[in-house]
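Here is a short briefing on selected helices, loops and annotated spans. Have the sequence and the structure open as you read.

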2 protein chains.
Amino acid sequence: AYRMLDKRFTNTSRLMVSSKVWQKTIPTNNCDVLLTFPAKTEDSTLMWLLARLKWRVPEVVVNVRHHSSSGIYGFYMTASYENLLKGADDLAIQKPLKSEYGGGLKEFTFEDQECFAGVEDEKMFLTSQERQSIVHYMINNLRAEEGEELGKLKFLEGQPIVPLLESKNIISQVFPLHNSTDLETLNKTWVQAFDKTQPLDSICEYFGVKIAMYFAYLGHYTISLVFPTVLGILLWILQGNQGFDDFSFVLFAVVNVMWATLFLEHWKRTSAELAYKWGTLDKKDELLEDPRPLFKGDLVKNPVTDQTCFEYPAWKRNLFRYLVTVPVIFICLLVVFVVMLLIFQLQEWINALVLAGRIPGFIKFLPKIMLALSIGVLDDIYKKIAYWLNDQENYRLENTYETSLIIKLVLFQFVNSFLSLFYIAFYLQDMSRLRDQLAAIFITRQIVGNLKEVFMPYFIWKFRLFKVGYKMAGEMSPGSIAREFKEMTEPTKEKVEADSPLLAQKSRTGGFKLLLQYTDTWEDYMEMVIQFGYVTLFSSAFPLAALCAFINNIIEIRSDAFKLCFHHQRPFGKRVGSIGIWQDVMEAMGIIAVIVNCALVGTSGIVPRVAPDMSSSTTILMIIVIEHVILLLKFILANAIPDVPEWVATEKAKLEFKRRTALKVCLSLFFVALADFSKCKN
Amino acid sequence: AYRMLDKRFTNTSRLMVSSKVWQKTIPTNNCDVLLTFPAKTEDSTLMWLLARLKWRVPEVVVNVRHHSSSGIYGFYMTASYENLLKGADDLAIQKPLKSEYGGGLKEFTFEDQECFAGVEDEKMFLTSQERQSIVHYMINNLRAEEGEELGKLKFLEGQPIVPLLESKNIISQVFPLHNSTDLETLNKTWVQAFDKTQPLDSICEYFGVKIAMYFAYLGHYTISLVFPTVLGILLWILQGNQGFDDFSFVLFAVVNVMWATLFLEHWKRTSAELAYKWGTLDKKDELLEDPRPLFKGDLVKNPVTDQTCFEYPAWKRNLFRYLVTVPVIFICLLVVFVVMLLIFQLQEWINALVLAGRIPGFIKFLPKIMLALSIGVLDDIYKKIAYWLNDQENYRLENTYETSLIIKLVLFQFVNSFLSLFYIAFYLQDMSRLRDQLAAIFITRQIVGNLKEVFMPYFIWKFRLFKVGYKMAGEMSPGSIAREFKEMTEPTKEKVEADSPLLAQKSRTGGFKLLLQYTDTWEDYMEMVIQFGYVTLFSSAFPLAALCAFINNIIEIRSDAFKLCFHHQRPFGKRVGSIGIWQDVMEAMGIIAVIVNCALVGTSGIVPRVAPDMSSSTTILMIIVIEHVILLLKFILANAIPDVPEWVATEKAKLEFKRRTALKVCLSLFFVALADFSKCKN
């Protein structure tokens, strides 16, 4: 029996290899988007969906395949080149014009396709990411008819079917497939190329603008950190006598705040340049954007496009927001606040007892463990509440939905991350402890977090593979294993025959469940924003903070890249014009930094040391005046620097000018043609 | 001799009447824009300009007329209906579409003129204000050729000739003429209609969007003042015991700040609605706008439109701005600050001496007179410096030029208007004196200012007429007076023959020099913004401030209207999308209001009365925390209210959608026509 089990494990490890191979080798020109069902989905469900796909979105080509061991069905979907081009027109994807038509990016139009550079090359014109977005868009366009139902699930007229089935777990996932050639290039030029700048354009091409924007931001932020890093190291080396330390404390506070402002302004400009280059700066009006698939509302005629669509009155959303969301979030934050404060108090009390020798030393760790546990639990609960509230608010656009969710999550993370530091800095007013705490945070939170991000998914993935293999080994008789085996190894041979869907129908699944789903960029951003907070808010107390952040980020860039390329499913490319709400969050952080740094100077005892005769009211008043002056300077600085570089503004104006004149030119051409036509007729 | 003089004066008064008649009776369909030269301009200059006008802007019809008594020549300019329509296309004036084409406003296009409602009616389709803007635009388009010169004045290639001549005083004025019928209607429905709401649409039609926007703002602000007025009266009536007064002080401080925020947000929305209605919400890109005529720079190809135009590098402007403007303005403000403070100190010193009986009482007024004189002198000097600096900064757009100038002037007015109050409130910390001072300011500054605004121009006008008459009477022999007289009274007869320029050439001037030039809306706005400052900054000390402001504004609306209709030349209509920089100035005022009100609560001695045990540091800290919380609330409030009402956003999106689809539709129509054509050919 032992040998049998051993053999089964060997099989499993082979499966592991083959699934990994599979994940990468499915040729992109054959399948753009994969839709999978849970195991044991009934055939009728499959047929129901398949029929609707074939009838209502005939432009999508569906190949059904089955993995008999896991019982998972998959729809492999793609579309013809012509239909993809039409989709590119619908999605207004920007493509370069041929040089004889003036060059530059322009929204792709199917009618004028011959004006676009490279349109003849079916394989290269649209990137794999663009193809996937188009197919995804087509699939989401499969809408229910009146009174339609699947089992107990009833659809409203016009509701998108696939996203709804996905939210009800009738479809387990819809995701695009990785492309192994592109991945290999990215691996060489990006993941493992520590010494080179990031190939942002390739990242954008493969993962879409949103993810490329995140990595651009990460790179920009890391480079910007060089300045406070160098200054921090200098001040750290030179520290010694009290006078110099006081001076460096104030200097660092002021420099930090100004650095944050300049960094954010510079990033805004860089982001505008990138968005222009990637064709997303000039966004559609919000009312013209497609709503989130899960957006609910009454069916009305869209006042803009005259198509029927859902509408949800703003007052309902606002009512919910101000009467439910705001109080609930406030109470939640209050609970977190109180729980954390109580544990801090407990810690102080126990520390005092330990110091007095009345209880053993190890009890000191009890509150720490309590804190870690309670934060973990509270975080889970809070996240559930936040998601639920956000769903109830029923935002029309993906973008506003995400913004609103991020604001909720940021509030929690802010309390969670900074409360202990505020407690030490302003309640205990213990600067050296603040420094120790910051150092500890940077070492644990940042480095451990980084390792976790890379290795945890790796282990989870291994574990899942192991589970699949074990389950398979347990459920199947030796004979079936052999058959299964044949099936598992077949695909490598079938690659040649991949074009005949019927032949390949019963294979070619495997890996798609094994990679983790990528939950969008916001967790990565959150980490960076909190880190940005540590650096700007408290680094006057701990000048090496920027250095720690800098080292962390150099690793972070590559580990995030590695994670995205090899441990997660490929995400759908999203088109964004900026990093959105994160810019605002960081700007808010910049303002808080001014207040906190001034308060730190106030509590640090520097003023009494420098000017012992000053009364405490005068000291406070002086610091307040300085705070207001710095805020004013910050404001003037932010306004004096244009958000969009001049050359981008010029390019935008050009585009606008072209669009405005194009219509006039076109109209006169039309009239000329008409005149010729009538002349010719007579 | 006495009788002779008397007779001459009688003549003069007749002239007055006739000039007034003239001002109004020149028919608009005959003359849109009047261009006048200084007396004794040489004929060669006239011919030089006339020739260039006729050759280079043939669309402008010029009638030359001469007023022999004053020696003033005038060019009366208009254009044919067809050319006006072409100009409306160039200026992208928004006009309503016929209902069969979907209705709504659209930029006028000459090719599709038949799609616009009322285009058949030559007299009514374009308003007199639009005609004038178009003719003005045509005149400004008269550009110099290479090496051209007039006397000593040399032109650069492409420089607009008329504005340059105007700035060199070779042309004295270019201005549109009033229309007496429209003015009469406006007088009935607006100037004298105290009981009705302002006819904003008619104002917009007659004076253009910019002036209509000012009056809309003024009306909106006045109505908004009702709330603090009522609250102020209530608190004023109920005042009595110290406890209630303290309560009402704090209440009024908080309410004021919140009221200011809500008022500004509401105005932003109202302004967006009006701008939408008047077709200016959707503005052209800045780079597509025409530069100011006086903008200088190197001739380059415009990167956007590919036409040659001037360019002035931004770094040059910024260099000047940061190295010259900022320090100069700072020094100027410092001088004003120091001078005022010194006079305040002197006042205190003299007051003390008078109180001690050591010098006579009337000397108390000496510092007051000094203050008034020095402010007057400083104001004049500062204005000259500000204008000079602003001209040197050489802004490309009228809009940015004005914004930059206003910021400079606001800074001075802020110091000038509020320093004495700050001095009393925070240096002397005398609340009852602050109240007296505020009351005095409202009575003198507001009411006297109002009277001045109406009666001063009236007297200046009378005086000028008198001067003209006197000069005429003095210079001319009795015989020439009679001849002159004949000429002066002729025009009334000539009205019928107005169409024959040669016949009417030697008459029809007269009044055009006598009305004051309207120097744009900024003086009126300045007054309102300073008043808004008094109300929001200090009215917790003087609750009746809002009442005073309210009464003042009710008069202000009508007196401004009167001034504009009857004492000033008609200004060219300007198209703006909002009140521009004034919104920002008032928002800055709103933030300052929070700080000042918190500081007032701090210095008023309320906290020690309510909580006598609180230490002064704790009091300050508490107030600071409250200040920050209020600022946060204000910020959240301003962000939670959308700046553009939903229906306007929808309409804008519709327009955008139409523009985006129109091109596609047009292209396919063109291709269909082309296909038909080729079919037909074969």
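Helices here are DSSP runs of H or I with at least four residues, and strands are E runs of at least two. By that definition, residues 322-344 of chain A are 100% helix and 0% strand. Keep in mind that this is a predicted model.

**Annotated spans in chain A**
- An unreviewed UniProt entry carries the annotation "transmembrane region" for residues 215-237, 249-267, 322-344, 405-428, 532-555, 588-607 and 619-641 of chain A.
- Within that record's list is the span 322-344. Its end C-alpha atoms lie 32 Å apart.

**Helix packing in chain A**
- Two packed helices are described by the angle between their axes and the distance between the axes.
- The axes of H13(A) and H17(A), residues 522-538, come within 11 Å of each other. They cross at roughly 30 degrees.
- Angles under 35 degrees count as roughly parallel, so H13(A) is roughly parallel to H17(A).
- The crossing of H13(A) past H17(A) is right-handed.

**Helix H17 in chain B**
- H17(B) covers residues 522-538, a run of 17 residues.
- From first C-alpha to last, H17(B) reaches 24 Å. That is close to the 24 Å expected at 1.5 Å a residue.
- H17(B) is mostly covered, with 16 of its 17 residues buried.

- Gln429(A) is not a glycine, yet its phi is positive, near 50 degrees.
- Gln429(A) sits in the loop between helix H13 (398-428) and helix H14 (431-475) of chain A.
- Buried or partly exposed: which applies to Gln429(A)? Gln429(A) counts as partly exposed, at 43% relative accessibility.
- Asn394(B), also not a glycine, has a positive phi of about 55 degrees.
- Asn394(B) lies in the loop between helix H12 (365-393) and helix H13 (398-428) of chain B.
- Asn394(B) has 4% relative accessibility, so Asn394(B) counts as buried.

**A loop threonine in chain A**
- Thr41(A) is in the loop between strand E1 (33-36) and helix H2 (43-56) of chain A.
- Why does Thr41(A) count as buried? Its relative accessible area is 15%, and buried means under 20%.
- What lies 2.6 Å from a polar atom of the Thr41(A) side chain? The backbone oxygen of Pro38(A) does.

Note on methods. Residues are numbered from 1 along each chain as its sequence is written. Chains are lettered from A and ligands numbered from 1 in the order in which they are written. This is a predicted model: local features need pLDDT of at least 70, side-chain atom pairs count only at pLDDT 80 or more; totals for chains, interfaces and linings use all residues. Side-chain values use heavy atoms; hydrogens and water are left out. Buried means under 20% relative accessible area, exposed over 50%, partly exposed in between (1.4 Å probe, protein chains only). A polar contact is a pair of N or O atoms within 3.5 Å; within protein, one must be able to donate a hydrogen and the other to accept it, and residues adjacent in sequence count only if both atoms are side-chain atoms. The expected span of a helix is 1.5 Å times one less than its number of residues. UniProt positions are given in the numbering used here, feature names are shortened, and annotations may be inferred rather than shown by experiment. Axes are lines fitted to C-alpha atoms, for helices over the stretch in contact, and angles run from 0 to 180 degrees between N-to-C directions. Angles under 35 degrees count as roughly parallel, over 145 as roughly antiparallel, 65 to 115 as roughly perpendicular and the rest as oblique. A crossing is left-handed if the near helix is turned anticlockwise from the far one by less than a right angle, and right-handed if clockwise.
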